[in-house]
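I opened this entry to keep track of what I looked up, in the order I looked it up.

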Amino acid sequence: MRLILLGPPGSGKGTQAQRLVQQYGIVQLSTGDMLRAAVAAQTPIGLKAKDIMAAGGLVPDEVVVGIIADRIEQPDAANGFILDGFPRTVPQAEALDALLKQKQMKLDAVIELRVNEGVLLERVERRAAETRARGEAVRADDTPEVLTKRLASYRDQTAPLIHYYSDHRMLATVDGMMPIEQVTEEIGRILAAVGKTGGNRAAKKASPAKRSAKAPGKTGPAKSAKKAAKKAPKATAPAKKAVKKSAKTARKAVKTTPKKASKASKKAARPAAKATRGTRKTSAKAAKKRAAR
Ligand code: AMP
């Protein structure tokens with residue numbers, strides 16, 4: 001499974017990515033973590049990125065694209081990956097498309113965690129306090145001043161990706177204001193609707209029909225939801241339920257966000273809706289067959 005988590009700083013991308021790593025056995029690729037490691041190791045990339053990061057700006061596209069191009073080729077990414085913090089600009093997204101095409105890889109979903117900006121400062125401050133309490137070093141950019149700049153970078157350069165991926169019919173939106181557990185469940189439902197089920201917790205929660213759509217623990221190349229549904233016609237009801245729920249959540253999120261975002265959010269449920277159409281067709285066929293018998 002190959003997935004992008006999209007959202008402003010403090011939206012919970014890192015937390016959800018860690019949970020997905022456990023559930024799906026794939027790796028989390030955080031460009032922020034990689035850049036911080038490069039800064040700590042004082043590599044040429046780190047030296048280039050250090051001041052930009054400390055000021056809340058974005059590291060040049062070619063630098064991060066280069067890092068990701070190398071990273072997705074590593075053996076541990078063969079099962080799939082979650083991109084956390086990448087892409088952050090439209091040129092990065094275009095470069096990623098080209099990279100994946102060249103490597104004959106496909107993205108399964110882009111999930112936007114939508115949150116009200118008002119809570120982000122509070123969340124980031126809490127994260128800094130918790131890090132401090134553990135005796136660990138606090139991120140240099142987790143301060144109210146730098147966060148304001150990081151949010152501006154997100155608004156100006158990253159938020160256009162919401163339209164980019166909704167135009168590409170890849171986007172699903174989750175209300176990131178919900179409790180962590182519920183956000184995880186919602187993401188699980190979206191992934192189930194595109195034919196992906198987690199190997200651990202998600203699989204235990206899923207119905208047998210859902211599990212049959214994708215064998216637990218398997219993280220190999222994606223089958224489309226349509227194909228998966230053909231193999232497991234019984235998946236119709238749970239899949240439909242998942243689609244309905246994610247569409248409902250996306251609609252809910254729209255209510256709390258500016259008008260401009262509503263178009264993108266309506267499209268959010270499209271990949272899921274597509275999955276439902278596939279299962280609907282399959283079950284109609286199955287019903288005909290049964291009637292003929
Ligand atoms: P993060 O840990 O994702 O919040 O990233 C921390 C910082 O690293 C960001 O504020 C940027 O300065 C830099 N960074 C991380 N990912 C990217 C990216 N994809 N493009 C440009 N800069 C990035």
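**Whole chain.** I noted first that this is a predicted model. I counted 15 helices and 5 strands in the chain. Of its 293 residues, 49% count as buried.

**Ligand.** Which residues are closest to the ligand? I found Thr 31, Arg 36, Gly 57, Arg 88 and Gln 92 listed as the closest, in a shell of 16 residues. Sorted by class, the shell has 6 nonpolar, 5 polar and 5 charged residues. Helix H2, residues 31-40, gives the largest share of the shell, with 4 residues.

I went on to the nitrogen atoms of the ligand. A polar side-chain atom of Thr 31 is 2.8 Å from a ligand nitrogen. For Gln 92, an N or O atom of the side chain lies 2.9 Å from a nitrogen atom of the ligand. Val 59 uses its backbone: an N or O atom there is 3.0 Å from a nitrogen atom of the ligand. I also checked how much of the ligand is covered. On its own the ligand exposes 480 Å², and the protein buries 96% of this area.

**Helices H5 and H8.** At what angle do H5 and H8 pack? I read an angle of about 35° between helix H5 (residues 90-102) and helix H8 (residues 160-167), with the axes 9 Å apart. On the H5 side, the contact is made by Val 90, Ala 93, Glu 94, Leu 96 and Asp 97. H8 brings Pro 160, Leu 161, Tyr 164 and Tyr 165. By class I have 7 nonpolar and 2 charged residues in this contact, and no polar ones.

**Glu 112.** I looked up Glu 112 last, in strand S4, which covers residues 109-114.

Note on methods. Residues are numbered from 1 along each chain as its sequence is written. This is a predicted model: local features need pLDDT of at least 70, side-chain atom pairs count only at pLDDT 80 or more; totals for chains, interfaces and linings use all residues. Side-chain values use heavy atoms; hydrogens and water are left out. A residue is near a molecule or strand if one of its heavy atoms lies within 4 Å of it. A polar contact is a pair of N or O atoms within 3.5 Å; within protein, one must be able to donate a hydrogen and the other to accept it, and residues adjacent in sequence count only if both atoms are side-chain atoms. Accessible areas come from the Shrake-Rupley method with a 1.4 Å probe; for residues, only the protein chains shown count as cover. Helices (H or I, at least four residues) and strands (E, at least two) are DSSP runs, numbered from the N terminus. Ala, Val, Leu, Ile, Met, Phe, Trp, Tyr, Cys and Pro count as nonpolar, Asp, Glu, Lys and Arg as charged, and the others, Gly among them, as polar. Axes are lines fitted to C-alpha atoms, for helices over the stretch in contact, and angles run from 0 to 180 degrees between N-to-C directions. Contact means heavy atoms within 4.5 Å. Buried means under 20% relative accessible area, exposed over 50%, partly exposed in between (1.4 Å probe, protein chains only).
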